[in-house]
Amino acid sequence: MATATAAARRARPRHGRAVAGRAARRTGFYLLIAIFVIASLFPFYWMVITSLKTPAELNQGTTSLLPGGRLSLGSYRFDLTQTGATGINFGQALANSAIVALSTTAITVVLAVLAGYGLARTRIRGKTTMLGFILLAGFFPVLAIVGPLFLAYRRLGLLDSYPSLIITYLIYTLPIATWFLANFFSQIPHQLEEAAVVDGATRLGALRRVILPVAVPGIFTVAILSFIFAWNDFAFAVSFMDTPDRYTAPLAIVDLGHSQFQVFYNNIDAAVVLITLPVAALVIFAQRRIISGLTAGSFR
Amino acid sequence: MSTWPDRTGTPRRGVPRTRIAAAVAVAAAAALTVAGCGSSGGSSSGKQVPASAKQTIVFATQGLGSEGTATQAAVRAFEKANPKITVSILNLSPVSDVALQQLTQRFISGSSTPDVITTDVTWPATFARSGWLLNLGKFHPDTSAFFPAQMATGEYSGGVYGIPWFINAEGLYYRTDLVKTPPTTVSQLVSDARAAMKRDPSLKEGLAFEADKYEGAVTAWQSFGAQIGLPYLSNINTAANKAALTFIYDAVHTYKISPPAVSTWEESQVQSAWLAGQTPFALNWPYIFQLSQSTSNGKPAYPAVYNKTGWVPFPNASGGSPQASLGGDDLAINAKSTHQAAAWKFIQFLTSDQTQIARAVSAGDPPSVKSAYTSALYSKAPYFKQEQAVFAAATPRPVTPVYTQISSELQTMLSSVVTGQATPSAALSSTAPTVAQLQATLHSG
Amino acid sequence: MAARQEPAVIAPAPARGQQAPRRRGTGRGRSLLARDRALGYALVAPALIVLLAITAYPLVYNLWNSFHNVDYLNPVTMGTFAGLANYDRLFTDNQFVPALVHTIGFTVVSVAVETVIGLALALALNRAFPGRGLVRAAVFIPWAIPTVVSAQLWKAMFDPQNGFVNYILTALHLPLAGTAWLGGTWTAWAAILVADAWRNTPFMAIVLLAGLQVIPNDIYEAARIDGAGAWKTFWRLTMPLLKPALMVALIFRTLQSFLIFDVVYNMTGGGPGNSTSVLSYLDWQAFLTDSDFGYGGAIAVALVIFALIIAAAYVRAFRTEQVS
């Protein structure tokens, strides 16, 4: 948020052509925002319309941009009322996804904050090797990992359980979280810690009381990255989760939407709308934290 | 502000690096010991539990929704008839590739469960070759009870590894109001299609079929007359195959009765085109018949095709007798299962007439057992009578362990032809040696 | 834990090119550095150990497989030593190299496109305007949809007959209306790019947006008072400060792009013919279609090596820029 000083205000041009130029730039800016929003949301709007179609209407293809025909909540009813051994309890699937994603996020944030701080602020040796290894861990093709992990989890009795997924997701969330936070911490001015230590704090205390509040944008960014990754995974979940009660949301969506030859786009899209809403709410909540205190000059 | 990663000039000594390397080695060794080395270990086929003992068997199968309900009903009936045996269902993904992956993973781990598994008709030979399936010959199954084309899919190398569960075959759907008599030759189909399109401009195409780069393109090609059974694999560059391939090419590029969009169409899109009344002809599986005749609230769900649907074998592009590509599912037993007797009992139950008819009526899966096609079935689901003509022409894909690899080559070939990137003769002559070689490596390996 | 008796000032981060002051010989000085290091190792250890423990087995598994015959269709040779045969196959089988070329080409284009758009998005979202919160949420929604679903969604959107893209192009009388998008090589790549960019640009945007947060606003104020134009401010002031975040975003987005699988698998299956095959898809085929875990392992190892090379190249590129 720009806090214009009096000098800056005086420096702003006042005469007509410059004002018109500014107005044009502002319109251009809003136009750009509008384009971004439309491009992002239009396919989602499409999914919403499709989710309101009956199977008969679905088979007609694209007839118009607007929701035509009767708006039917049948797909939603179908997705939400499936229970029992022959159906997917969608609410349960959402809960499973939430538990797994939140756990992954929590563990990732804690480990990445510690590791990132260590890499950015202490004088340990071998940083490049460590960073290289951390990066390497995250870049296995999924198919190459699924097989051996399945074997390992089976031996350890972890199949069909939350830890099997949480542990696996850490492979992909920790690397980016650590790299990102290490970078983020290194850009925070040293004076902050030094001031805290002058006041008698320990290194860890300084980390907790001074650095973390300033690093909130970075931490929330990492949290969102991890959450989204865990939330969206299909390949690992389909390999490790046996019973429908343990399915995560993407599994449930695929199962609700497919039979031997048919793809029920209306059911799939209704399910997607249902799972996107909580994530959107989460992002709205978290995005305010992404904008930092640094820009408000809090460390002055 | 410091830049990152920071290079503060601290002199490097080798110690931290070797420390890390040592840690890697230790962790790796530990992890290996914990997890074991791949497929060795896991429970080997231990003592067999007799059928009369109290036990639970695991049945791995696809299908939720109406198929799941039918499976549940069959399981309950079986458990009632065999009070000591409990059947626990392991749900496989409805997406075929994913189900294959799930099954393969379990086999590689050497697990003794699932005991009974549902396989696509093209999988038993592959699983059998890898040693993962039990040879059911010792139970003396009555192989003549099933349609011979599908029974062949479960037989490999002199043994019986798969028992047909339900059958599927691809045939030609035609609109009885637009086409008086179903075409018996391909040229008649083309002229019928064109005539229909000219008479009724609201039709978007003349023939809808699946030509996306996936298994469905191979079945479509086979339904058009391609001969790819085991004896033909050593050289698929035959006149019949070229005729069928040329038909695919011509339908899109020469006769223009099929839109270029078919190169991205699978069963779902062909289904939409048919049910919306956009086409007089479509190639698809029997489930479309049931859908076309479905009603909601007493009114036909798809008025464009309700009571105007006919289904016959697709005319053979090379003029021979029609072929209907065979699909469906087989049942098999895990080679490492310790409940083989009970598992066999379950398979016998699932392939009994009564159970087959019940499943056909509720879930629409056509029975694989010939004796199930009686008035008991027709009275509840009359369209099965018409479907028999297509099943009689059922032609299986080659029963070979390397089928998935051969199919991959065929899919690539079909994809380049339907998109016009290659001509039929060039594509066929370049793919034939690869297919021959894949099949040949089997005998040397 | 008793409060540590540390000297009043922590040794400040040395300026570039200078050595850290070494307090050799002083008991207190050495323990200071050692304590700092001990703390550092302790902080990094949990993450490292977790990653090590989880990835050790898969890595060793694939490495071992790549040097042996692990073809489930050939039980006779199962487990025998194969030397470099699997790696040899990478260069002789006529599939790996084309897939490599496709993958590199796609990665370059998609990362460039997504970086430019992501950067524009991040800059826009960094400014204050009414409804910013909602706009941010709206812009990140594509990312919240599982790839399994969004790939199929875009395939349906690009359907030449019933899909939305051709519907709009025809309605607006734009060129390319009626194209069979997934039926031609370049148009298929374009469709894949659109689907990939739609889904992954928010990732770039969010990382860059966070990177922008570290830049204090006072700098912009000073620049404005000095009369610097918007472009100059961006290029001379914002970009250098954004470089670290940009490097992280680029490395990870490049590597994710290099490993792309879901979109290609669901939209084209590598078709038409093999013209959209990518490396991950080839790996998938080796495991699933061929049941050849030796070859699949070799491809996986090759991919990891490529990943390291790419990452090293980025780090070096960004570091040499700093030195100047």
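Q: What counts as a helix or a strand here, and how are they numbered?
A: Both are DSSP runs: a helix is H or I over at least four residues, a strand is E over at least two, numbered from the N terminus. This is a predicted model: local features need pLDDT of at least 70, side-chain atom pairs count only at pLDDT 80 or more, and totals for chains, interfaces and linings use all residues. Residues are numbered from 1 along each chain as its sequence is written, and chains are lettered from A and ligands numbered from 1 in the order in which they are written.

Q: How many helices and strands does chain C have?
A: Chain C has 12 helices and zero strands.

Q: What share of chain C is buried?
A: A residue is buried if 20 or more other C-beta atoms, placed from the backbone, lie within 10 Å of its own. Of the 324 residues of chain C, 48% are buried.

Q: Which domains are assigned in chain A?
A: Domain bounds come from an automatic or database domain assignment. In chain A, domain 1 spans 16-77 and domain 2 spans 92-296. Their C-alpha centres lie 30 Å apart.

Q: How many residues of domain 1 of chain A are in contact with domain 2 of chain A?
A: Contact means C-beta atoms, placed from the backbone, within 7 Å. Nine residues of domain 1 of chain A are in contact with eight of domain 2 of chain A.

Q: Which helix of chain A gives the most to the side of domain 1 that touches domain 2?
A: Helix 2 of chain A does, with four residues.

Terms used
A residue is buried if 20 or more other C-beta atoms lie within 10 Å of its own, exposed if 12 or fewer, and partly exposed in between; C-beta atoms are placed from the backbone. Two residues are in contact if their C-beta atoms, placed from the backbone, lie within 7 Å.
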